[in-house]
Structures are given as structure tokens and as C-alpha cells.
Amino acid sequence: MATAVRGRLIIFTRYPEPGKTKTRLIPALGPERAAILQQRMTEHTLAQAQLRQVSSPIDLEVRFTGGNVGLMRSWLGHDLAYRSQGKGDLGQRMAQAFQSAFRAGMQRVVIVGIDCPDLDAIILGKAFQELQQHDLVLGPATDGGYYLIGLRQFVPKLFQGITWSTDRVWEQTIAIARQHSLSVGSLPPLDDIDRPEDLAIWERVSQSSIAQLGNEKISIIIPVLNEAAAIAQTLTAAQRATNAEIIVVDGGSQDETVAIAQSLGAKVITTAPGRAQQMNAGAKVATGEVLLFLHGDTLLPADFATQIQQALISPGVIAGAFALSINSALPGIRLIERLVNWRSRYGQMPYGDQAMFLRAKTFQQMGGFADLPIMEDFELMQRLKQKGAIAIVPEPVITSGRRWARLGVLRTTLLNQLIILAYFLGVPRDRLARWYRSH
């Protein structure tokens with residue numbers, strides 16, 4: 001039985017640290033948004049590579065500069081092979097990557113960058129097909145370089161004497177190939193994104209405006225039930241963001257909650273009671289790229305929108321929440337705050353009081369909140385932290401101290417911890433909910 005040809009696709013990228021990536025675009029975008037673009041373009045290229053893997057068995061490796069393996073794994077996932085590009089100019093780094101792959105027994109090796117968003121799974125497949133008939137395959141970029149190079153044997157000369165980052169790279173590489181009698185397969189020319197005038201290419205492929213980078217619309221979803229005493233203040237604080245919509249999801253209030261919310265301009269929808277069901281319903285009608293789940297008695301800080309955007313652009317961050325401040329002067333309440341914030345930051349487990357946020361796309365991929373009568377936020381956060389980092393915004397939300405005032409700090413804390421323990425011990429959720437509400 002014949003042995004399958006072994007192929008490897010190597011993606012060259014850089015960890016998206018502001019000020020150190022896409023530097024030629026910084027005058028137009030600023031360092032933060034240039035880094036976001038680097039992040040999105042890398043993720044786009046990786047998605048196309050993984051799509052290629054579905055139809056053909058190839059190894060996938062990410063070679064990076066900046067950052068480290070831990071940061072790369074937090075950003076792009078733990079199921080990829082990561083290696084530093086090493087030292088030297090671009091040619092030396094590519095040569096090292098090819099040499100390593102062939103030493104590992106690969107028979108066809110392709111390297112791509114992330115600057116050409118039109119590079120897709122079809123072109124990647126064609127590159128490997130071309131290597132069945134040719135020694136070398138090149139994907140020419142319209143600026144005179146190339147976005148892809150593939151080989152079926154290591155040819156060091158191809159990476160020597162090239163004036164990298166100029167419009168002569170492709171021409172010089174072809175000349176070397178001819179000198180060494182290498183047969184060359186070709187791919188369609190593609191535009192890359194290097195200069196501000198190239199940004200329209202990303203807008204066309206991604207179908208999103210460059211202006212939206214780091215400024216995504218936020219849908220604030222507030223599940224309520226008889227919150228007339230608190231909802232006006234909560235909505236007033238939430239309305240300080242300019243690029244946000246507010247969706248109040250009522251579970252059958254018998255007081256003036258709905259009327260107050262409507263009078264303040266919030267969109268109000270009604271569902272059956274149950275926080276998980278209410279929040280899922282709010283997410284279905286939300287139009288923002290980011291979802292923020294806010295309790296009806298919790299106040300957001302003044303610059304919450306900026307804090308959320310900054311948290312979510314960090315590579316590897318899948319969701320986030322705010323530090324907690326409790327509006328109470330009860331003895332021991334400051335200790336509770338410190339313990340909650342310690343657990344959130346180091347245990348990566350914030351709860352609903354802390355205004356959870358994540359991208360709408362991520363929420364949909366996770367299947368939303370589980371239809372549980374209690375602990376729905378805890379359950380979703382457990383799933384999220386397995387996929388990425390949970391960012392904790394240091395500026396706190398301020399939540400009502402009414403629960404602590406009603407039961408006392410010690411009893412409330414003890415009840416919360418017993419509920420969590422019972423949850424892990426497998427006590428039925430309906431029983432937990434009845435127990436919690438009875439207290």
C-alpha cells in the first residue's frame with residue numbers, strides 16, 4: 001500500500017502587539033487598530049488553512065515573531081504547532097522553516113503570509129496540486145513580491161541575494177529558479193495589504209468597515225423582573241455609550257419596570273421568566289457585534305464601552321467581565337469584594353453580577369446560555385474559559401447590596417458557596433433553584 005504524500009502548510013505571522021505590527025498602517029489606523037487588523041487577518045488566513053485541512057491531510061504550523069508560544073496558544077488555540085521564526089531576514093527565516101519541514105519528512109511544503117485576504121482554501125489546494133508537477137510554486141503579489149511559496153525539495157539559493165520588501169522579490173526568485181532549472185507552477189496574483197490605500201481590500205473581503213476595528217456596536221441585554229426601584233439608574237448609566245443599544249427583557253413584571261424602561265428609550269421585549277431564557281431571547285434580537293449581559297440593579301462605569309473594546313482586542317481573550325463593587329457599608333462587605341475580584345482575576349470565573357461580555361459570534365458558537373433555572377452564568381463561563389482567556393476589567397461595576405442587606409453578609413456568602421458546591425456535586429438544578437429562592 002502506497003504511503004500518502006506528506007505536506008505541510010506554514011503560516012508566517014506576528015503576535016499582534018500594538019506599535020510593533022503593521023507599522024506602515026499605524027499613521028492611518030493608530031497602533032491599537034493596526035494590531036487588531038493584524039489579528040483579524042491572521043485569524044482569516046488560519047481559517048482558510050483549516051478549511052483546506054478538511055479536504056486534504058496536511059500538517060499545519062504557525063511560525064511567529066513577537067510574543068511567545070504561550071501567548072500564541074492563548075490567541076489561536078492549543079491544537080496547533082507553533083515555532084518561532086528565528087533570527088535573520090525574511091529569506092533566512094523561510095529557509096529555516098523549509099529545511100525543518102523537509103528534515104521532518106515532509107514531501108511538499110508551502111509557506112504563506114497573512115497579508116492577502118483573498119488567499120483562500122481553493123488557492124491553497126491548488127498550490128499543493130502544482131507541487132505534484134513542479135519543483136516550485138509561487139503566488140505573486142501585485143506589488144512585486146509573493147504571498148505564497150511552495151517547494152518539494154529544499155533549495156537554499158531561492159532565499160539568497162533577494163532584496164526583500166521590494167517590488168523585485170518575485171522577479172528575482174523566478175530568475176534564480178531558471179538558473180537552477182527548476183520548474184515553476186503559478187497561482188493567481190493577489191493584492192496584499194501594506195499601505196493605507198490597501199485597506200479597501202480588507203473591507204471588501206471581510207465585508208466590514210475599517211472604522212469598525214476596535215469600535216464594535218455593543219448590545220446591552222438586561223433581564224428584569226420587578227426592577228422598578230433600580231432600572232432607571234441602571235439604564236441611565238448604560239446610555240452613556242454612543243455605539244450601543246439597550247434591550248430590556250422582561251420576565252413578567254407586575255410593577256412599573258416596563259413603563260420606566262420604555263420611557264427611557266430602551267427596547268423592551270417580553271418572555272417567560274427565567275434569566276437564561278430572557279438573556280437568550282435578548283441575544284436573538286440584538287444587532288451588536290458585542291453582547292453585554294447586565295443585571296437590572298447594576299451600574300456600569302462611565303467608560304465601559306472603551307474598556308470592553310480594549311479587553312476583547314487582546315489576543316486569546318474570548319470573553320470578559322468587570323471587577324465588582326457592592327453598594328453597601330455592611331461590615332465585611334469590602335472583604336467579599338476583594339474575594340470576588342481575586343476569584344475573577346485568578347480563577348477566571350466572574351459571575352453575572354459582574355456584567356459578562358463577549359462577541360455575538362462567540363455567544364452563538366457556544367450555543368448561548370444553557371436553559372437552567374440557576375447557575376446559567378457559571379455554566380457558560382466554565383465553557384468559555386476552556387476556549388480562551390477571560391478578561392477582567394479593573395474598573396468595577398456597582399451592584400446593589402440589597403441581597404447582602406436582606407440575609408446578612410455571612411449568610412449570603414455561605415449560601416452562595418453552598419450552591420456552588422451542590423452544583424459540582426450534581427444536585428438537580430431545579431432543587432438548587434428552589435433552595436436558593438426559599439432563602
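**Reading the model**

Modeller: Let's start in a loop: Gln-348 sits in the one between helix H12 (333-347) and E14. Its phi is near 55°, a positive value in a residue other than glycine. Keep in mind that this is a predicted model.

Biologist: What is the chain made of overall?

Modeller: It has 17 helices and 15 strands. The C-alpha atoms fill a box of roughly 85 × 50 × 35 Å along the principal axes. Of the 439 residues in the chain, 53% are buried. As for contacts with a separation of 6 or more, 70% of them are between residues 24 or more positions apart.

Biologist: Which other residue has a positive phi although it is not a glycine?

Modeller: Asn-226 is one of them, with a phi of about 55°. You'll find Asn-226 in the loop between E8 and H8.

Biologist: Why is Asn-226 called partly exposed?

Modeller: Its relative accessibility is 37%. Buried would need under 20% and exposed would need over 50%, with partly exposed in between. The value of 37% falls in between, so Asn-226 counts as partly exposed.

Biologist: And what makes Ile-221 buried?

Modeller: Ile-221 has a relative accessible area of 0%. The cut-off for buried is under 20%, so Ile-221 is buried. This residue is found in strand E8. Leaving aside residues up to four places away in sequence, Ile-221 touches several others, among them Ile-247, Val-249, Met-279, Leu-292 and Phe-293. Take Val-249: it is 28 residues apart from Ile-221 along the chain, yet their C-alpha atoms are separated by 7.2 Å.

Biologist: How do you know that E8 and E9 pair?

Modeller: Count the bridges: seven of them join strand E8 (residues 218-224) to E9. Pairing takes at least two bridges, so these strands qualify. The two run parallel, and Ile-222 has Val-248 in E9 as its bridge partner. To get from E8 to E9, the chain passes through helix H8 (residues 231-238), in a right-handed β-α-β crossover.

Biologist: What makes strand E9 mostly covered?

Modeller: Six of the seven residues in strand E9 (residues 244-250) are buried.

Biologist: Which strand is joined to E9 by four bridges?

Modeller: That's strand E10 (residues 267-270), which runs parallel to E9. Here Ile-247 stands opposite Lys-267 in E10.

Biologist: What is the strand order in the open sheet?

Modeller: Eight strands form it, in the order E10-E9-E8-E11-E14-E13-E15-E12, and the pairing is mixed.

Biologist: Why are E10 and E12 called edge strands?

Modeller: E10 and strand E12 (298-299) each pair on one side only. Further along the order, nine bridges link strand E13 (residues 317-327) with strand E15 (residues 389-400) in the parallel sense. Leu-324 stands opposite Val-397 in E15.

Biologist: Where does helix H14 lie?

Modeller: Helix H14 (residues 376-385) lies across E13, strand E14 (356-359) and E15, and runs at about 45° to E14.

Biologist: Last one: what covers the buried residues of H6?

Modeller: The cover includes strand E5 (136-140), strand E6 (146-151) and strand E7 (184-186). The buried residues of helix H6 (residues 169-179) are Val-169, Gln-172, Thr-173, Ile-174, Ile-176 and Ala-177. After H6 comes Ser-181, with a positive phi near 55°.

Notes
Residues are numbered from 1 along each chain as its sequence is written. This is a predicted model: local features need pLDDT of at least 70, side-chain atom pairs count only at pLDDT 80 or more; totals for chains, interfaces and linings use all residues. Side-chain values use heavy atoms; hydrogens and water are left out. Buried means under 20% relative accessible area, exposed over 50%, partly exposed in between (1.4 Å probe, protein chains only). A crossover is right-handed if, with the strands pointing away from the viewer, the path from the first strand over the helix to the second runs clockwise. Contact means heavy atoms within 4.5 Å. Axes are lines fitted to C-alpha atoms, for helices over the stretch in contact, and angles run from 0 to 180 degrees between N-to-C directions.
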